[in-house]
Amino acid sequence: MEQTSIVSLRNISLSFDGEVILNNIDLDIKDKEFITLLGPSGCGKTTTLRIIGGFLEPDAGDVFYEGKRINGTPPNKRNVNTVFQKYALFPHLNVFENVAFGLKLKKFPKEEIKKLVTKMLAIVDLKGYEKRSVAKLSGGQQQRVAIARALVCDPDVLLLDEPLGALDLKLRKDMQIELKRIQKMTKKTFVYVTHDQEEALTMSDRVVVMKNGKIEQIGTPIDIYNEPANAFVADFIGEANILDGTMLKDYKVSILGSDFPCVDKGFGENTPVDIVIRPEDIEITSPEEGTITGDVTGVVFKGVHYEMEVRTKNCILLIHSTVSSSVGSHIGMRVDPNNIHIMNKLFPTPYNELEAEVTYCNEAENSVTVEIEGREVDIPGYSFEKGTRLSIILPPDGLYVDGEGIGQLTDVYIESVIWKGAHNEIILESDERKWIMHSAQDEQVATYVPICFDFSKATVKVLDGEALNED
Amino acid sequence: MKKMFLGKKFYIGLIFLFLYAPIAVLIAYSFNASKSSVWSGFTFDWYIKLFQDKAIMTALGNTLLVAVLAAAFSTILGTVASLGMYNLKGAKRKIIQTVSNIPIINPEIVTGISLMLLFVFLGQVFHFENGFGTLLLSHIGFCTPYVILSVTPKLRQMDNHLFEAAQDLGCTQLQAFFQVVIHELLPGIVSGFLISFTYSLDDFIISFFTSGKFQTLPIEIYTMLKKRVSPKINALSTILFVVIFSVLIITNIYGAKQEKNGKEKGDGLKGKKLLCVAMAVLILFGGLVVYSRCANYTAVLNVFNWGENIANGEDGTLDVIAEFEKRYNVKVNYNEYESNEEMYAKIQTESYDVIIPSDYMIGKLIAEDMLLPLDFDNIPNYKNIADEYKNLPYDPDNTYSVPYTWGVVALCYNKDMVKGEVTGFDALWNEDNKGQILMFNNSRDALAIAMQRLGLDPSNPTMADIDKACALLKEQKPLVQNYVMDQVYDLMECDQSAIAPYYAGDIYYMMDNNESLDYCLPEEGTNFFVDAMCVPKNAENPELAEAFINFMLEPEVGRSNSVIIGYASPNSEAVALLPEEIRNNELIYPSKEYLDKCYMYSNTPADIYNYMQEKFIEASTS
């Protein structure tokens with residue numbers, strides 16, 4: 001099937017009050033496809049949709065519609081219609097008038113309007129509801145009026161902003177199928193925004209995974225699920241065991257202290273990597289036959305499968321299996337090389353590397369004070385002259401969130417939190433740099449926390465290179 | 001349980017009683033045949049008289065006109081403003097919202113004065129006078145924040161996506177507003193309009209400062225306070241209350257009905273069209289009224305008189321203003337005041353052609369060179385004025401003034417209640433009448449009585465005289481029931497007080513309402529006062545003013561005025577037309593011999609007057 005781009009976004013950037021909402025977005029939307037923008041709240045997916053709809057203008061970058069640049073074209077001049085999150089039906093009009101609204105503006109003859117509206121209401125299964133007040137319809141019915149109202153204008157592209165968010169689960173599932181049916185029947189391009197990964201996988205031809213104003217991955221649902229681009233995508237889509245590993249060499253990876261054969265190559269030798277193993281891909285064997293072993297600590301029946309928690313030597317694994325093992329039993333586990341998915345680390349280095357200058361030396365207490373991002377921070381156990389430049393290597397567990405809420409750095413943004421089987425790998429962003437932190441505690445993404453440093457775990461050198469760490 | 005229920009009902013009943021008793025009394029009194037608070041039978045007379053009273057009807061028309069226009073303009077302005085503010089972000093919005101609320105918090109008196117200063121200043125630069133325009137502007141000014149306050153919440157409640165959805169379906173921003181957003185805001189807009197309308201309708205303070213010669217109803221009612229509030233005002237208040245009450249009920253019933261039916265009918269478009277048409281009609285109506293008032297006469301005469309101080313066609317009198325307008329084909333702009341001091345303040349900024357101040361005030365105006373010498377060739381009817389009212393001390397050569405009314409301060413007492421013989425002001429210090437004596441709540445008149453008793457000359461007091469008089473008033477204070485002005489009518493007519501000093505014409509009127517009352521002309525003499533017509537220096541039409549003064553001296557006009565005002569007329573020809581029992585009444589027309597014993601107030605310097613005010617308040621309230 002030959003598909004051409006109907007909408008293209010090129011290098012779109014947007015900030016509000018100094019906060020970056022979209023950071024250099026590039027996206028091609030193909031004609032007649034069902035494409036979903038997926039991501040946690042605050043990732044910029046709705047903003048992207050509003051830029052396509054014409055409700056927002058990007059600070060930089062171009063929006064193309066069928067090859068023509070349409071920056072600055074108002075919404076009413078774009079052949080694009082939107083279904084809003086809370087439907088935004090006009091309360092003073094009945095169902096028929098709501099749907100006919102766009103056609104009336106386009107000055108269609110009355111007969112024609114009547115015909116088109118009736119037809120569209122039939123498509124969305126609302127025949128006979130013409131005279132009803134929209135305020136008295138159920139959520140699902142309102143939703144369908146909103147879709148009919150947008151579709152009756154015959155747009156080439158329909159934008160849907162979390163349209164099912166307000167519906168209950170059962171209705172949402174029905175509407176997912178319904179939407180897909182309508183899309184196929186009307187042969188329109190649907191651009192769909194959601195934070196529900198299941199919804200995205202169910203309906204979409206392609207999924208665009210976004211985080212912090214950036215596109216992390218674009219692909220078919222199967223690609224996204226099976227070949228996530230990084231730990232974030234893997235974590236966000238479906239359930240996954242995300243583990244730290246080391247790529248020993250091509251086709252050989254070390255995970256949890258055991259070596260596994262794999263099908264990936266090109267990462268170099270002894271490179272730290274992230275590993276994704278889907279819970280259904282771990283095969284349960286007898287302890288002797290397994291590559292690794294562990295003890296079952298929990299079993300939950302999920303209808304089609306059992307969800308099991310297995311504690312190995314140093315982490316907890318999640319397994320989906322149709323056969324259950326009882327709690328407390330010792331089992332072996334095996335993974336097909338095809339099912340081990342290897343990805344580059346989200347954080348470029350395994351440690352936090354920083355440079356700082358000594359601003360004060362307290363010889364009596366054997367400690368120095370350095371300045372980090374404008375804050376005075378004490379490093380105990382060292383003695384340097386004032387003015388010495390230091391290189392500090394701080395491992396991920398040398399950082400912690402200050403429970404008392406004060407912190408040596410305040411208002412540090414939590415960019416991502418990924419459970420690595422034994423601990424959370426947290427990536428933080430302060431004013432000047434990013435930090436990696438390991439923590440047993442769970443933190444909420446997209447919030448601000450105060451953090452403290454534990455320099456007893458750090459390696460401190462004078463920048464000339466002489467090591468002074470006693471440990 | 002039942003007990004509690006009863007208790008609740010009782011409590012609610014009390015609250016309603018508290019809220020509505022005053023209105024119930026007002027409505028009842030609007031049907032009272034007597035002018036006083038004594039019930040003397042049911043009548044519709046006040047309603048009939050209300051509609052015949054040109055001053056009230058004009059003021060009512062003015063008020064309605066301003067209220068409708070102010071409400072319409074401020075509704076548009078306020079709605080647009082709240083839209084603008086809604087689209088602002090963060091701190092900017094907060095600042096602008098706070099600033100827009102300041103007119104609501106700002107004391108009205110401050111707003112009023114500052115607007116007056118501004119308009120007077122601009123008026124000097126651009127040559128306009130305070131009047132309809134400035135009043136309308138200031139009303140729009142203080143109404144707009146209320147519209148913003150009632151529209152903004154609706155805007156916040158509205159799903160912001162509605163506006164976007166309309167645009168998405170092909171509306172321009174303007175279309176989106178008129179086809180969708182306005183429906184969501186309509187309740188706020190309507191209530192904003194109604195709030196503005198009612199606030200504008202009853203605003204007194206700001207109007208007082210900015211209306212110039214444009215009389216509105218609250219100002220008109222205020223000027224009537226010089227005498228008692230006429231029951232016509234009760235009738236008018238009743239009508240206003242009933243109208244607003246029914247509007248309220250109708251909107252509530254309509255609202256409840258709409259709620260019941262949902263919004264199924266889809267009559268939104270009709271409603272909006274209706275609103276637009278209604279707005280257009282109102283504005284057109286306003287314009288027409290303004291236009292019609294400007295048309296069809298050759299000149300305008302601005303008259304500034306005491307409240308209820310002219311014949312208006314009631315009780316077989318001439319409608320003096322209408323008659324003058326007809327005869328000269330001019331428009332009389334008739335304004336009223338409540339005290340000499342108020343009039344004095346007003347003429348500093350406004351120009352009037354004829355004013356009617358009292359004796360001492362005329363002296364002050366002459367001293368300050370604020371009056372025009374009259375050309376008596378243009379006032380041939382001056383010959384009708386009896387000689388004893390010419391060349392009085394305040395205007396010794398009679399160059400600036402023509403007497404209009406006169407009278408004396410006398411004593412009114414209740415024959416059945418008062419103890420001892422009443423022959424002079426001594427009776428006000430009689431211990432036997434303790435607790436039943438009323439005294440003037442007015443420094444000039446109260447101090448004059450005290451000074452007279454002390455043998456001092458009340459016409460031109462010194463500070464030392466004032467101190468002595470105040471000491472005497474303090475001595476009297478334990479005997480005094482209350483210091484009053486127009487409450488005197490109710491207290492005397494309803495047998496609540498035994499004795500009070502008051503103005504002769506008003507005592508005559510009280511005696512009409514209570515047969516137990518009698519009067520006494522104090523044997524030692526008393527204050528003799530004259531109100532006279534003058535032309536201020538800044539008059540725009542002095543010739544027409546002289547024509548008006550001449551007209552006022554015509555016998556029939558003088559008779560009419562005298563009948564309505566109740567005070568004595570200096571016009572011999574007019575007096576001759578009065579019924580015998582009035583013209584021969586010693587109280588209203590005391591003999592020349594008695595008048596020789598009396599004194600007149602003269603122009604009191606400002607510092608003495610202020611000292612008087614201050615000392616009197618101290619004496620009467622300490």
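Reader: What percentage of the contacts in chain B with a separation of 6 or more comes from residues 24 or more positions apart?

Author: This is a predicted model, in which local features need pLDDT of at least 70 and side-chain atom pairs count only at pLDDT 80 or more, while totals for chains, interfaces and linings use all residues. Residues are numbered from 1 along each chain as its sequence is written, and chains are lettered from A and ligands numbered from 1 in the order in which they are written. Two residues are in contact if their C-beta atoms, placed from the backbone, lie within 7 Å. Among the contacts in chain B with a separation of 6 or more, the share from residues 24 or more positions apart is 78%.

Reader: How much of chain B is made up of buried residues?

Author: Chain B contains 25 helices and nine strands, where helices (H or I, at least four residues) and strands (E, at least two) are DSSP runs numbered from the N terminus. A residue is buried if 20 or more other C-beta atoms, placed from the backbone, lie within 10 Å of its own, exposed if 12 or fewer, and partly exposed in between. Of the 622 residues in chain B, the buried ones make up 42%.

Reader: Which element gives the largest share of the side of chain A that touches chain B?

Author: The contact takes 25 residues from chain A and 18 residues from chain B. Two or more residues on the chain A side come from each of strand 6 (80–83) and helix 2 (95–105) of chain A. The largest share, four residues, is that of helix 2 of chain A.

Reader: Is helix 4 of chain A roughly parallel or roughly antiparallel to helix 5 of chain A?

Author: Helix 4 (residues 139–151) and helix 5 (residues 169–186) of chain A pack at an angle of about 15° with their axes 11 Å apart, the axes being lines fitted to C-alpha atoms, for helices over the stretch in contact, and the angles running from 0 to 180 degrees between N-to-C directions. Angles under 35 degrees count as roughly parallel, over 145 as roughly antiparallel, 65 to 115 as roughly perpendicular and the rest as oblique. Helix 4 of chain A is therefore, relative to helix 5 of chain A, roughly parallel.

Reader: Which residue is the bridge partner of Thr246(A) in strand 12 of chain A?

Author: Strand 11 (residues 241–249) of chain A pairs with strand 14 (residues 271–277) of chain A over seven bridges in the antiparallel sense, and there Thr246(A) stands opposite Pro272(A). Four bridges also join strand 11 of chain A to strand 12 (residues 252–255) of chain A. In strand 12 of chain A, the partner of Thr246(A) is Ser254(A).

How values were computed:
Two strands pair if DSSP finds at least two bridges between them.
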